[in-house]
Amino acid sequence: MFVVWKSKKVVAVLAILIVAELALTVFLVARSFPVKKTTLIDFTVVIDAGHGGIDGGVVGADGVKESTLNLAYSKCLGEIFQRAGFNVVYTRKNENGLYGLPTKGFKSRDMRERKRIIDEADPNLMISVHMNKFSASYRSGPQVFYQTGKEDGKALAENLQRVFNDYTGKAREAIAGDYYVCRETSCPSVIVECGFLSNPDECAALQTEDYREKICNIIFSGVMLYLYGG
Ligand SMILES: [Zn+2]
């Protein structure tokens, strides 16, 4: 009887030790794989859909407004970044402009509001999405712009233009200039002109979901190249 009791006690003590060890193991594993923010989740991208409201931007060969396409591309791009674990902040989330009332000075109010949203988001980088236009209809393909003198924006723009060139087979260079949203923001900032609405074929392609996803995925891969490439 005593022997049996003793062995039961041993079993009980062993069971407690095993449970304790398991608990310790779970604790240590949990500590080595903490459920906390990763570096990517701390990374914020602002996506700025150009124009909006009474400012439709350029008009396509078939009458489509740049502002409508900019919004569709911005949402598509934002979803790609979000799926990859980035924080995404949009300046414009619908067809409306950011100027308040459509009165005199609306454009500068619109731009200042974009700057305010970008400053508040304090992002790691900013991409302003636009569509291009040229006097001759043959010109096509994406073109990236950055603020003259801003080296981080230049590096981001060059990486984006590189992946676009890989796709189109063109040998374009990122172009420097003076652009309010790039000049007035402290993070690496670029303007991406996704294609030419003045080119009827490209204008039609830009309005398809397939092409939109393609262009947005290329932008995303260009950002990855900028962040992690050699
Ligand atoms: Zn534009």
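From the N terminus on, the elements of the chain run α-β-α-β-α-β-β-α-β-α-β-α-α. The chain thus displayed has seven helices and six strands, where helices (H or I, at least four residues) and strands (E, at least two) are DSSP runs numbered from the N terminus. The model is predicted: local features need pLDDT of at least 70, side-chain atom pairs count only at pLDDT 80 or more, and totals for chains, interfaces and linings use all residues. Residues are numbered from 1 along each chain as its sequence is written.

Select helix α7, residues 209–228, and find L227 within it.

Next, select N159, which is 68 residues from L227 along the chain; their C-alpha atoms are separated by 9.5 Å.

Now display helix α4, residues 151–168, together with α7. The two helices pack at an angle of about 130 degrees, with their axes 8 Å apart. Axes are lines fitted to C-alpha atoms, for helices over the stretch in contact, and angles run from 0 to 180 degrees between N-to-C directions.

Finally, select the residues that meet: A155, L156, N159, L160, R162, V163, F164 and Y167 in α4, and I218, I219, S221, G222, L225 and Y226 in α7. Two residues are in contact if their C-beta atoms, placed from the backbone, lie within 7 Å.
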